[in-house]
Amino acid sequence: MNGSDFIALAGKLAVTPADEAAHRTAISRAYYGAFHVARSLLLEFGFRPVGNANVHAFIRQYLGASGHPEAYFASTELSYLQAARNRADYDLEDRRMASRDFAMKCVEQAHR
């Protein structure tokens, strides 16, 4: 199991027609997939992120401050995806999170 497995599942859920729960779950899995891919990359380079809820911010901050344009881009994508995940999971009134198109956009971002 790795982060790419979550992204693949998100892709399957995102294309489910007219299923709000599937679309919201796709958004959530897209974020967690991208998060785990980034975390695994940092582990490969010898970094040991904190083992608590602060790990999400640590990974974004580290990537953003690395000085590498691609890592900075990944940091901004993670920020966007995490905000979308929070809305999908906690703001059931936000109709955008029910959208198949938005779920597919999040999956595409996670792939990047």
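Buried means under 20% relative accessible area, exposed means over 50%, and partly exposed is whatever falls in between (1.4 Å probe, protein chains only). This is a predicted model, so local features need pLDDT of at least 70 and side-chain atom pairs count only at pLDDT 80 or more, while totals for chains, interfaces and linings use all residues. Residues are numbered from 1 along each chain as its sequence is written, and side-chain values use heavy atoms, with hydrogens and water left out.

View 1. H56 sits in helix 3 (residues 55-64); helices here are DSSP runs of H or I with at least four residues, strands are runs of E with at least two, and both are numbered from the N terminus. With a relative accessibility of 15%, H56 counts as buried. Contact means heavy atoms within 4.5 Å. Leaving out residues up to four places away in sequence, H56 touches Y31, Y32, F35 and Q82.

**View 2. The aromatic cluster of Y31, Y32 and F35.** These three residues form one aromatic cluster. Rings of Phe, Tyr and Trp (its six-membered ring) pair if their centres lie within 6.5 Å; planes under 30 degrees apart are stacked, over 60 edge-to-face, and the rest tilted. The structure holds six such aromatic pairs. One of them is Y32 with F35, an edge-to-face pair at 6.5 Å centre to centre, with 85° between the planes. Both residues belong to helix 2 (residues 20-44) and sit three residues apart, about one turn of the helix. F35 is buried, its relative accessible area being 5%.

**View 3. Y80 and F102, a tilted pair.** Here the ring centres of Y80 and F102 are 6.4 Å apart and the planes meet at 55°, so this pair is tilted. Y80 comes from helix 4 (residues 69-90) and F102 from helix 5 (residues 100-111), so the pair ties together parts that are 22 residues apart in sequence. How accessible are the two partners? Y80 counts as partly exposed at 27% relative accessibility, whereas F102 counts as buried at 4%.

**View 4. H23 and its contacts.** H23 is another helix 2 residue, and at 3% relative accessibility H23 counts as buried. Its contacts, not counting residues up to four places away in sequence, are L13, A14, T16, A18, M97, A98, S99, R100 and A103. The C-alpha atoms of H23 and M104 are separated by 8.3 Å, although the two residues are 81 apart along the chain.

**View 5. A18, a loop residue with a positive phi.** A18 lies in the loop between helix 1 (3-14) and helix 2. Its phi is positive, about 50°, although A18 is not a glycine. Is this residue buried or exposed? A18 is exposed, with a relative accessible area of 85%.

**View 6. Zooming back out to the chain.** The protein chain has five helices and zero strands, which reads along the sequence as α-α-α-α-α. Its C-alpha trace spans about 45 × 25 × 25 Å along the principal axes. Of the 112 residues, 38% count as buried. Among contacts with a separation of 6 or more, 59% come from residues 24 or more positions apart.
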